[in-house]
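Please open the model in your viewer and keep the selection panel at hand. The tour below moves from a pair of helices to a strand and its partners.

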Amino acid sequence: MLFTASDLHTGKSSISQRKIKNSLKPVICIPYLSTKTFEFKSFIFQQIALLILSLPSTNTGSGYQYPDGQLVVDSALAVGVHYFTPGGTVVVSLPNTTLLAPDFKIHASRKLGKLALSTDGNTEQLIDNLTQRLHSSSLWPVVVTCPADGIIKHDPTNWDTRNDDVHSSYVLVTMQHKDWQDQAVYSLREQIQNLETIPAWNSRARFVIMLLAEVTNAREVAKDVLQELWQWQIMNVVVLLPASNINSKMHIVLVYTWFPYQSPSGLCGELRDSVHINSWILDEEGGRFLKTSPLYPQKVPYNLNSCPIRASTFEFYPFVICDKRLGIGTNTSITDGLEIQLMQCIAEGMNMTLILRIPPGDERGGIQLENGTWTGLRADIVNGKADITFASLLSKLEDHLIFDDTISYFTDRFTWFVARAKPYPRWLGMARVFDPMTWLVGFLVIILASIFTRILLSFKTIRHNEVPGNYWRFSVCLSSMWAVFLGEGVPIMPCSLPLRSFFLCMIIYSLAVNTVFQTFFTSYVVNPGLLHQISNVDELVQSDLVYAFYYVLDKFFTADFLHKLEPRVQCEPFKCLDYVATQDNYATFCGRALLAYIVDELVKQEGKHEIYAFQEDSFQLHSVMLMPKGSHLLDRINVVMTHIVEAGLPNQFLKSILDARRIEAGILALQDLTDEYSALSLNHLQGSFFFLLMGLALSLGMFLFELLKICK
């Protein structure tokens, strides 16, 4: 299948001006098969394609039996058959001659004139030959593109969900002349800038660089090409250069690459020299590689020989812990933390030297400003000051599109935090033993018992055995029932059996109620309890609290829910928690790990109160580390990080940090510890004295009322 650049994006780069001949045959589509069947079919197709592509070209021209350009084309096709992923998209990038120097274009035209096979231009002949044979192999979808005169950069945040294709291989065509060595590098630069505008761009794909003309110093030319590609983190690349023909019966293409961490080719990611890894030979027996060694070996070894890895981070408990005694915001102040221990394990597993850095400013994660610059940790990645950044950075789509993110290594539970409800006034301790309805029923029982006693005295048999009836007035009955309820004596003992039986029932009832009351009364006097606590989201949005949380979390809420969270204050999580611990009308949203670390120190400060966390979690968010797009260390770090996560080390790191924190807080609190029993002071018993004063005031009022009545 053959595509052009317009199939990938519109207006991002120009469509190749070359026309693909109509002689191209349609692709044989492979239906969906089982894994084993598909692998067998792919193997058969590879063998057939290898036979087709290995056939020597019959093109001749100007006395050249096999021109250099055609030789490189055949070797590139052989590389594709052996190393390109079947079914993966292959991108053929062509040079734009309008971007080259005039003298170089004249020389390129003369050089390609040796083919003399096309009236429309010999460049088209090479391109047609390359694309036709790639197409005829039926192994890959093929995309042909070339740079535009004006390249428009692709916005990575414009994510097209309709196409998730990622290029698996690239073939870049360029030309080289001994007098214009910079032109080949310039042509490659323009092509890479064009390819970057395609959303499916993949710097980790396998690259083949074709130089269509013989060069005098192949190693230096390959080094210049590899150095240019390394600026885009392109590492899996081979450079094909035709060698001088010593034997007319044998044609050779030199294959160059480099190894970033293997001397003498590279040192800690710095290119020192290109490596002649293999050669492609064409003779009477056909085309073949001279060696059996792979052209795309693993470029990042397991042992990186103490090469440095630069990490930017920011103080964020308990992931990154700094000691202020060693300096505020300095690189040497970093002492501990979950992510620090994790990064040290990664550096040790890869045998790298960890170099930590705290960027200037107060911005932790960083944002992109209107002028295109970045702030915070992300600025260090964009500006090339860090190989990796971390500070409890949450996994989100924007970072995934702009940067490379590692696998998630820690999952934090996020919920709402509000101020702990205020305690009940101590004078209400007595009243809180029973709820209002129970108190009401208790008083109604006393009144009904008084009425029932008065009714019993209306019977003659009962009244005959009692004191004079005029004494058992309703007021006396009421005071007697109240005395029984309080466990006090009554003014007159009942004599008749019915009245005594009823009094006995009231005594038993009062004893049960008093026992319960006295049991809970002491508890409520010591600990009066808390007023109503906001404990769920429904109560939260209906309250008049101020919502303070980090702007990064906006991505995880719906627009309607964010609209309900007004008024709103944006702040760092630690500052937001400080607001909640200081003021009663604030609520914040953050992870439980942060609160678990700072809560002991935070609430013990003067003027602070306790923080209440909702029982239910709103959601869980994953922490990742960010790296530059196309970083060659990503896969290796992910492998080491996977082993660490599967071993459960991140959770163990957090547990040890929190345990040490609690031990420290407990030692500091020993000075304030007193006996677990506390004496009941006037403050504890203020409720009893309050009701006593109420009773005295009421009795005094009644006494004065009776005096006034008697005087009248």
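For orientations, angles under 35 degrees count as roughly parallel, over 145 as roughly antiparallel, 65 to 115 as roughly perpendicular and the rest as oblique. The model is predicted, so to speak of local features requires pLDDT of at least 70 and of side-chain atom pairs pLDDT 80 or more, while totals for chains, interfaces and linings use all residues. Residues are numbered from 1 along each chain as its sequence is written, and side-chain values use heavy atoms, with hydrogens and water left out.

Select helix α7 (residues 338-350) together with helix α18 (residues 634-646), which pack at an angle of about 120° with their axes 10 Å apart; the two are therefore oblique to each other. Now display the side chains in contact (heavy atoms within 4.5 Å): α7 brings L342, C345, I346, G349 and M350, and α18 brings R636, I637, V640, M641 and I644. Of these contact residues, eight are nonpolar, one is polar and one is charged, where Gly counts as polar and Arg as charged.

Next, select strand β2 (residues 90-93), where V90 and V92 on one side, and V91 and S93 on the other, are all buried, that is, under 20% relative accessible area with a 1.4 Å probe and protein chains only. In a regular strand the side chains alternate between the two faces of the sheet.

Note on methods
Axes fitted to C-alpha atoms, helices over the stretch in contact; angles between N-to-C directions. Helix = DSSP H or I, 4+ residues; strand = E, 2+ residues; numbered from the N terminus. Buried < 20%, exposed > 50% of the residue type's maximum accessible area, 1.4 Å probe, protein only.
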